[in-house]
Each structure stands twice: as structure tokens, then as C-alpha cells.
Amino acid sequence: MALSLYNYWIVIVLMMTGFYIVIRSTNLVKKIVGLNIFQTSVFILYISMGKVEGGTAPIVTDGATAYSNPLPHVLILTAIVVGVATTALGLTLVVRIKEAYGSVDEEAIQRQDREA
Amino acid sequence: MLLGFLVVIAIAIVRLRNLVAVIMLTGIYSLHAALFFVALDAVDVAFTEAAVGAGISTVLMLATLGLVGHEESRPSSRAWLPLAVVLVTGGALVFATLDMPRFGDPDAPIHRHVAPRYIIDSPRETGLPNMVTSVLASYRGYDTLGETVVIFTAGVGVLLLLGGRRRDDEEQE
């Protein structure tokens, strides 16, 4: 019972680590790193659910008795590529914030906003 | 085992304050995730993760660091509130996994519906041995078109955000 859910529990640990970085760190670049960790943990969750015991990769081969589920793989392929697009956009926003405020630290930015 | 490594790397990322080291670890984390995907039969996902997640993301983040500096300051607030939020959320999620089907169970609901249709019919219908490719490019081709629209939009956004800046500089001069 416990061992069969091992993958999912590790996914939760990774997910919460990413979440912790996002809400705890004040540095915007590190927040994006946290989001990336969170995102990868979701990929691992999907791929874990797609695995079939005794199955092989979903490519037709002679002598294969079972294939792992190809649908989560397709979803996650799309998610990885979209994830990089959003990461790039987020990092660009960080660069612009650095130019406008001279800092990428959340507390320094909020201090400047209060003074303005 | 691989998953254990992933947890160790993630915790190291939390602890480190030097952002260059953090980003290098993020690259290693992505490569480990790719290895794990190979172990779970998701070869297409693995090479996308290795190329895009470990490659392009790392380069983008390093380029950003070159512009914004690489030391993280220590947050002034206490750690207990975020920690409590994370632990409560994590606990709720663990509780939710107790109803999940066993790992690798061939009779899990996810394997009973839609998937057999692709596994059995797609090699004959599309003539491609790789089922992931035939779903991605043939059956769900419109979704993939939508995906490329998203990437295009993100690319346009990046260019506008960075390109507008250069024009402002020229006007000021």
C-alpha cells in the first residue's frame, strides 16, 4: 500500500518544495525556479499515472505485450514546451522590473512603491 | 532512487543563496527528471525535458542573471508561516492520494478509456509506429497548433518587452 503510492508522495514533496520557494523567497528569479520545480513535479505525477506494469514505451515493437499509456505523454510534451514559453516571459518581466526599480528583491520593490 | 535524488536537489535549491548555483542545480534537476521519464517508458517526454527543460530554460535563466545580478538577500520575515501553509497543503494532498489506484496498475481508470483506442488503432490508421507522435500530430493536431500559437504569443511578448526598452533609450538620448 505505502510503496504503491511512493511516487505520488515524492511528487507532493517536490510540489510543496517548489511552492515553499515561491511564497518564501523574495528574489523574483528564485521564485521562477520554484515555479519550475512545481511544474516538473506535476509532469512526474502524470507520467507516473501513465505507467503500466510490464509495459514498454508506446512505440510498436514485436513481442511487446503491453504499452504504457501514450495520452499523459502527449499532454506533458505540450506542457513542457508551454512551460518554457511562460518561463521566458516571466524572466523577461523580471528584467524589466530590474530596469524600472533597480532591484529584483520583492521587499525592496515594495519599499519603493510605498515611498512613491 | 532517482526520485530521492530529485528531492535532495530540490532541498539544496531551497537552501542555496547563490543564484548561479541554484540555476545549475535546476538544470541537473531537469536532467534527473528526464532520466526518470525514461525509466517510466516516456521516451518522447524525456528527450523534450532534456533538451528544453535542462537546455533552453537554463540558458534563459543564466542570461537573465547576467542582467539582474546573482546574490539573493535573506528575507526579513519569519519562515514559520510559509512552512505552515506548505505543510497543511501537503498533508491535504497526501490524504487525497490515498484513493489513487496502485502505481502501474493496468486496470486503473486512466488505462480503460480512450487510451486503448489509440494503442490498438493508431498504428493502422496513421501508419506511424510511435503512438505519442500520431496522437500529437494527427488526432490532436489542432491542440498542437494551439500550442505553437502560445509559443508565438510568448515570443512576441518577450520581443515587445525587451524591444520597447531599446527605443525608449534612443529617445532619451
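Reader: How much space lies in the largest cavity?
Author: This is a predicted model, and the values below are computed from it. The structure holds 1 cavity of 30 Å³ or more. The space in the largest cavity is about 120 Å³.

Reader: Which element gives the most to the lining of the largest cavity?
Author: Two or more residues each come from α2 and α3 of chain A, and from α2 (19–39) and α3 (43–68) of chain B. The one that gives the most supplies 5 residues, and that element is α2(A).

Reader: How many residues of the cavity lining are nonpolar, polar and charged?
Author: For the lining of the largest cavity, the division is 5 nonpolar, 9 polar and 1 charged.

Reader: Turning to the open space, which residues are the closest to the centre of the largest pocket?
Author: The largest pocket holds about 330 Å³ of space. It is lined by 14 residues. The closest to its centre are A:Tyr20, A:Arg24, B:Val14, B:Arg15 and B:Arg17.

Reader: How many residues of the pocket lining are charged?
Author: Two or more lining residues come from each of α1 of chain A and α1 (2–15) of chain B, and α1(A) has the largest share with 3 residues. By class, the lining of the largest pocket has 5 nonpolar and 2 polar residues, and the charged ones number 7.

Reader: What area is buried between chain A and chain B?
Author: Chain A brings 76 residues to the contact and chain B brings 82 residues. Carbon and sulfur atoms give 76% of the buried area. The total between the two chains is about 7,200 Å².

Reader: Which side chains meet in a salt bridge at 3.4 Å?
Author: Between chain A and chain B the count is 2 salt bridges. A nitrogen-to-oxygen distance within 4 Å is required, so the 3.4 Å pair qualifies. That pair is A:Glu53 and B:Arg102.

Reader: Which element gives the most to the side of chain A that touches chain B?
Author: Across this interface there are 15 residue pairs in polar contact, both at pLDDT 80 or more. On the chain A side, two or more residues come from each of α1 (6–24), α2 (28–50) and α3 (70–101). With 24 residues, the element that gives the most is α3(A).

Conventions: Residues are numbered from 1 along each chain as its sequence is written. Chains are lettered from A and ligands numbered from 1 in the order in which they are written. This is a predicted model: local features need pLDDT of at least 70, side-chain atom pairs count only at pLDDT 80 or more; totals for chains, interfaces and linings use all residues. Side-chain values use heavy atoms; hydrogens and water are left out. Contact means heavy atoms within 4.5 Å. Buried area is the accessible area (1.4 Å probe) that two parts lose on being put together, summed over both. A polar contact is a pair of N or O atoms within 3.5 Å; within protein, one must be able to donate a hydrogen and the other to accept it, and residues adjacent in sequence count only if both atoms are side-chain atoms. Helices (H or I, at least four residues) and strands (E, at least two) are DSSP runs, numbered from the N terminus. On a 1 Å grid over the protein atoms alone, a cavity is a set of points where a 1.4 Å probe fits but cannot get out, and a pocket is an open set with protein on both sides within 12 Å along at least five of seven lines; lining residues have an atom within 4 Å of a point. Grid points are joined across faces, edges and corners, and a volume is the space filled by probe spheres set on the points. Ala, Val, Leu, Ile, Met, Phe, Trp, Tyr, Cys and Pro count as nonpolar, Asp, Glu, Lys and Arg as charged, and the others, Gly among them, as polar.
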